[in-house]
Structure formats: C-alpha cells, structure tokens
Amino acid sequence: MQVYILAFIIALLASWVLTPYVKKLAFRIGALDKPDGRKVHHGIMPRLGGLAIYLAFVIAVFATMHITRDIMALLLGGTLIVIVGILDDKYQLPAKVKLLGQIAAAFVLVLFDIKIEWLNNPWGGYFYLEYLSIPLTVFWIVSFTNVVNLMDGLDGLAAGVSGIASVTVILVALQQGFYPVAVITAALAGGIIGFIRYNFNPASIFMGDTGSMFIGYMLAAISIFGAVKSAATIALIVPAVALGLPIMDTAFAIVRRYTNGRPIFQPDKGHLHHRLLAMGLSQKQAVLLMYVISAVLGIAAILLTEVDGYLAAGIIACIISGVAVGAKKIGILNDR
C-alpha cells in the first residue's frame, strides 16, 4: 500500500473514532456555540471538533512519516494554532488576541527556516524576495488561517471545501513528485473527511476555530513546505486556487464592510452561503453547490500545473471574472 493512502486511512479512522469523545469533552469544558441572529443553527452545539482532526493528523503523521526538522516545525506550529483555537472555542478570544496567536504560529515556521524566499517567473528565472520573505510568509499563513475560519458558516461547508482542496494538493503533489507533501496532506485530508461524518447537515458537532484555523494553517504551511522543497511557485498557487471560493468570499466581505463603513472584522450575513440561503436554497443544497464550485476550482488548479505562463494567466483571469459576475448577480457586495 502506498504511504499516502495509509496516512489517509489512519487519519480518517482516527478522526471517525475520536470525534464522539471530543464532543463529550466540548460539553464538559463548555466549548459550546449558542445561536444568535447571524447564525443559521437554532440550538446549542458543541464546538472543538477540530481537535479530533488535529489528533488524527498527528497520529497519521507519526505512523507514516520520518519526523524531520521540517515536519516537526509543521507539527509545532499546528499545535500552537490548535491551542489558540481551543481557547477561542471556550472563551471567545478577542480578534486581536487570536491574530497575535496566528502570527506567533506563523513565526514557528520562520524560525525553522520554512518561508517563501523566491517566486518563479513564468517566463523564466526567479524573483528573489529577500527582506520581503518573512512578512510575506506570515501574511500568507495568517490569511489562509482566517479564510477557512470565515468559511465555517454552514454544516459541513468548511470541512468539505477544505477536504476538496486537500485532495487537489495531493493529486498535484503526486503528479509533480512531491511525495512528502502528498503524505502529510493525505493525513490532513483523512482527518477532515472522517470528521465530515459528524459535521455534515444536520451536524452533531462543529469544528470550531480549533478546526478551521488548524486546517487553514496547515494548508498554508504545507504549500510553503512544498515550495521550499521543489523550488516551484506552483506549490503555492495550487492550494490558493483550490481554496478560491473562501478566498474570494473573504475578499468580498472585506470590500463590503469597508465600503459600507463597517469594521472589517465585524461578522455579518453577507457571505456567499448566507446569500444562497436567502435565495431559497436549503443548507444541504447550498453546501453541495459550493462543493461543486470548489471541485471545479480544484480541477482548474490541476490544469495550471500543465500549462505555460500565458495560458495559466488566462485560466486565472477566467476564474476571477466568473466569480466576479456571479458575486454581482447574487449581490454579495450589498450591505442588505
């Protein structure tokens, strides 16, 4: 059996088994999500489900991988972001405190010399980032961490979209021969998919910030790890395109709140999933539609690895144009 398949199976089974125990823990420590005017659920729900994903991931990594210095850096950074997530799921940390925790977790990778030091020039050569390397690395990680976090608004939505993005990264890593990236991402994908059993509508547990921040952090960290090992910017582009839906939804949210004079970090009901529900779709229909869109973006990400610079730019332009037209059609920039 291929190692990446073994890592996926171990993580899937571990997540499946551990989630009910994490659910009991969430009730015991009071890590609960109470309904309000912005949320779509109506009863008290346990959070903290991401802890099962994290534990399953760690078990699979230790069972299938040689723990090098780089892998240890990813595990340490992931552990720190999980600690921040657990505290937030229980105590509802202020946004600034969460941001500081995310920055600290990003610097774990920087301290282990895992950072974005160059970008490929599509027409030959490299762009060396020099003094911009560290701030760009921290920005990349914090952005991914929050993108998945903001996507977590419907049962199974963030988990499913992240699972699709993870599978996309695995396929490209195998295609390009980045086998350590494939194995560690398979461990992440297995943990996510095992958790979906309990998180898809009607959910019995939420992943909480513990899960959404951990998944976003790991996808960002894995992409940088792949770029360092392969000297190829494609390792950064693939997860960014595969997560194009939450990335663009977050970008629209920032623009919407700024243009309407609202604080950028103030939650609202203008996200894509809110708009789909307002159009009459059920939770399951909205989530499945967004799964389909994410799968299409995943296919586009895979295609990007096979084309030259001009055609790749054309594909990205088509994606951005299509999303912009769709966003305007459903009024995602409107404040109402």
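Reply: Start with the polar contact: a pair of N or O atoms within 3.5 Å. Within protein, one atom must be able to donate a hydrogen and the other to accept it, and residues adjacent in sequence count only if both atoms are side-chain atoms. This is a predicted model, where local features need pLDDT of at least 70, side-chain atom pairs count only at pLDDT 80 or more, and totals for chains, interfaces and linings use all residues. Residues are numbered from 1 along each chain as its sequence is written, and side-chain values use heavy atoms, with hydrogens and water left out.

Me: What makes the side chains of Asn149 and Ser212 a polar contact?

Reply: Their distance is 3.0 Å. The limit is 3.5 Å, so the pair qualifies.

Me: Why is Asn149 called buried?

Reply: Its relative accessible area is 13%. Asn149 lies in helix H5, residues 133–151. Helices (H or I, at least four residues) and strands (E, at least two) are DSSP runs, numbered from the N terminus.

Me: Which residues does Asn149 touch, not counting those up to four places away in sequence?

Reply: Lys98, Asp209, Ser212 and Met213. A contact means heavy atoms within 4.5 Å.

Me: What makes Lys98 and Asp209 a salt bridge?

Reply: The closest N and O atoms are 2.9 Å apart. A salt bridge is a side-chain nitrogen of Lys or Arg within 4 Å of a carboxyl oxygen of Asp or Glu, so this pair passes. Lys98 is in helix H4 (residues 95–111) and Asp209 is in helix H8, 111 residues apart. Both residues are buried.

Me: How do you know that Arg47 and Asp209 form a salt bridge?

Reply: Their side chains meet at 3.9 Å, N to O. That is within the limit, so the pair counts. Arg47 sits in the loop between strand E2 (45–46) and H2, while Asp209 is in helix H8 (residues 208–230). The two are 162 residues apart. Arg47 is buried, and so is Asp209.

Me: Which residues are linked in a network of salt bridges?

Reply: Asp33, Arg47, Asp88, Asp89, Lys98 and Asp209. A search of the whole structure finds seven salt bridges.

Me: Why is Ile9 called partly exposed?

Reply: Its relative accessibility is 33%, so it falls in the middle class. Ile9 is found in helix H1, residues 3–29. With Ile5 and Leu13, Ile9 forms a nonpolar patch on the surface.

Me: What does the whole protein look like by the counts?

Reply: It has 13 helices and four strands. Buried residues make up 51% of its 336 residues.

Me: How confident is the predictor in the protein?

Reply: The mean pLDDT is 86, and 89% of residues reach 70 or more. pLDDT is the predictor's confidence in each residue, from 0 to 100. Confidence is highest in helix H2 (residues 50–64), at 97, and lowest in strand E4 (residues 126–128), at a mean of 71. Where pLDDT is low, the predicted coordinates should not be read in detail.

How values were computed:
Buried < 20%, exposed > 50% of the residue type's maximum accessible area, 1.4 Å probe, protein only. Patch = residues over 30% accessible without salt bridge, like charges linked within 9 Å, V, L, I, M, F, W, Y side chains within 5 Å. Areas by Shrake-Rupley, 256 points an atom, 1.4 Å probe, with all protein chains shown as cover.
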